[in-house]
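Look at the structure, then follow the questions.

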Amino acid sequence: MTPCRHFGVCGGCSLQDLSPEAYRARKRDSVVAALVAVGLGNVTVEETILVPQKTRRRAVFKIAKNREVVEIGFHAQRSHDIVDMHECLVLTPSLLALADVLRQALAPIFNPGEKAELHVNESDTGFDLAFRCERKLTPVMTSMLAKALAGKGIARILFNGDVLMENAAPSITLHGSKLALPPQAFLQATREGEAMLQERVLALTGTAKNIADLFAGLGTFTLALARKAKVHAVEQDGAALSALAAAARATPGLKPVTTERRDLFKVPMTPAELKPFNAVVLDPPRAGALGQAKALAASQIGRIVYVSCDAASFSRDAAILVEAGFRPGSVTPIDQFLYSGHIELVAGFERSRKL
Ligand SMILES: C[S@@+](CC[C@H](N)C(=O)[O-])C[C@H]1O[C@@H](n2cnc3c(N)ncnc32)[C@H](O)[C@@H]1O
């Protein structure tokens, strides 16, 4: 593979210099090593499934004006310098092209030395941009920016939390349900990864008719599962839950969906609360779900589907479930964080119901 011209400098990628075979093996080995470290070396880890290059639809760009030039990209490796990005094997071509549009648009607005951070989601209706910057924009600058970005595929711009421009309500489609995207919402990194995860979550939950989806976010899994089962979605982000509830209401033919705003780190679902469910899906952030894993271990639940973006915290939690009698199915690594050290994975766990 020909590495990107920024490889070796840009902190976004670290693994482009491996052969395709060695690369796939490296990702799988990282999952195996994490499982071995907690005594689960006997768990089967499937071959790594890769998403295609140039499919990543969300990014956090660093921006700085260096003399007259606006630089946009990711931090350099082990540095706060910005690598001004003109090529990328990971981002969608439209997201990369957006960097160039912004370079031009921001040049007359930013002062030399000024910095900003930009969170971008590529929605079905255009880019959803959220800038964080130390200063406010004047009305003149706002209209300059709006003019420079008109017709460039931008749905909405937020600047320090305020809506600066909304050409179209940003929306996405999750398993056939249309959903209004809250600002800076969590989306799976790629559409392809999202579809693969949904497919596995649907398969691994089997015939369960009442499912709890923990760390549900916008409902990537809730809205897929609700085609076949009643789903209770639990999540701490209220805006995500409201968007999910509205999307569920607007989708004909779904089984009932309920939502609950809750900090699952501080207040995990208790064994008593988990009693009505035949299966639990959980997809926590990188820290994993230690408290929730302990509560699942102590519960009557017989089927769990665990989606994770961190092999170490997943393995730690898996060991708790195995200790409580769960049999782990095979673990499928889905590489939707191409060329980085990160990996997404999904695994099912089953046990006979405790008496
Ligand atoms: C990896 S995302 C998964 C979201 C969703 N399952 C999806 O696939 O789009 C993790 C989710 O956990 C939520 N989260 C983070 N910390 C949490 C906490 N302490 N309690 C409940 N939810 C939390 C985040 O807001 C985010 O939506």
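**Sheets, domains and loops**

Tutor: This is a predicted model. It holds an open sheet of 8 strands with mixed pairing, in the order β1-β16-β17-β15-β14-β11-β12-β13.

Student: Which strands stand at the edges of this sheet?

Tutor: Read the two ends of the order β1-β16-β17-β15-β14-β11-β12-β13. A strand at the edge has a single partner, so one side of it is left without a neighbour in the sheet. The edge strands are β1 (49-50) and β13 (257-261).

Student: How many bridges join β15 to β17?

Tutor: β15 covers residues 303-308, and β17 covers residues 344-350. The two run antiparallel. The number of bridges joining the strands is 6.

Student: At what angle does helix α1 run to β16?

Tutor: Helix α1 is residues 20-37. This helix lies across β1, β16 (327-335) and β17. Its angle to β16 is about 145 degrees.

Student: And helix α4, what angle does its direction make with that of β15?

Tutor: Helix α4 (residues 191-205) also packs on the sheet. Its contacts include β1, β11 (210-214) and β14 (279-282). It touches β15, β16 and β17 too. With the direction of β15, the angle is about 165 degrees.

Student: How far apart do the centres of domain 1 and domain 2 lie?

Tutor: Domain 1 takes in 20-50 + 186-350, and domain 2 takes in 58-123 + 126-168. The distance runs between their C-alpha centres. That distance is 33 Å.

Student: What class are the residues of domain 1 that touch domain 2?

Tutor: The contact takes 4 residues from domain 1 and 4 residues from domain 2. On the side of domain 1, no polar and no charged residues take part. The 4 residues there are nonpolar.

Student: Which strands stand at the edges of the sheet of 7 strands?

Tutor: This open sheet has the order β4-β3-β2-β5-β6-β7-β8, with mixed pairing. Each edge strand has a single partner, so one side of each is left without a neighbour in the sheet. The edge strands are β4 (82-84) and β8 (162-166).

Student: By how much are neighbouring strands of this sheet turned against each other on average?

Tutor: Direction is ignored for this value. The average is 30 degrees.

Student: In β6, what is the bridge partner of alanine 116?

Tutor: Strand β5 (residues 115-123) runs antiparallel to strand β6 (residues 126-133). The two are joined by 8 bridges. For alanine 116, the partner in β6 is cysteine 133.

Student: Which residue of β7 is the bridge partner of alanine 130?

Tutor: β6 and β7 run parallel, joined by 5 bridges. Strand β7 (residues 154-159) is mostly covered, with 5 of its 6 residues buried. The partner of alanine 130 is leucine 158.

Student: Which residues form the covered face of strand β9?

Tutor: Strand β9 is residues 171-174. Its uncovered face has Ser171 and Thr173. The covered face has Ile172 and Leu174.

Student: Which residue in the hairpin of β9 and β10 takes a positive phi?

Tutor: β9 pairs with strand β10 (residues 177-180) in the antiparallel sense, over 4 bridges. Leucine 174 stands opposite serine 177. The hairpin has 2 residues between the strands. The residue with phi near 50 degrees is histidine 175.

Student: Is arginine 67 buried or exposed?

Tutor: Start with its place, the loop between β2 and β3. Most residues other than glycine have a negative phi. Arginine 67 has 6 other C-beta atoms within 10 Å, so this residue is exposed.

Student: How many C-beta neighbours does arginine 78 have inside 10 Å?

Tutor: Arginine 78 lies in the loop between β3 and β4. Its phi is positive too, near 50 degrees. The residue counts as exposed because its C-beta neighbours inside 10 Å number 7.

Student: How many residues surround the ligand?

Tutor: The closest are Phe215, Gly217, Thr220, Gln236 and Asp283. By class, the shell divides into 11 nonpolar, 4 polar and 4 charged. The number of residues around the ligand is 19.

Note on methods: Residues are numbered from 1 along each chain as its sequence is written. This is a predicted model: local features need pLDDT of at least 70, side-chain atom pairs count only at pLDDT 80 or more; totals for chains, interfaces and linings use all residues. Domain bounds come from an automatic or database domain assignment. Two residues are in contact if their C-beta atoms, placed from the backbone, lie within 7 Å. Ala, Val, Leu, Ile, Met, Phe, Trp, Tyr, Cys and Pro count as nonpolar, Asp, Glu, Lys and Arg as charged, and the others, Gly among them, as polar. Two strands pair if DSSP finds at least two bridges between them. Axes are lines fitted to C-alpha atoms, for helices over the stretch in contact, and angles run from 0 to 180 degrees between N-to-C directions. A residue is near a molecule or strand if its C-beta atom, placed from the backbone, lies within 6 Å of it. A residue is buried if 20 or more other C-beta atoms lie within 10 Å of its own, exposed if 12 or fewer, and partly exposed in between; C-beta atoms are placed from the backbone.
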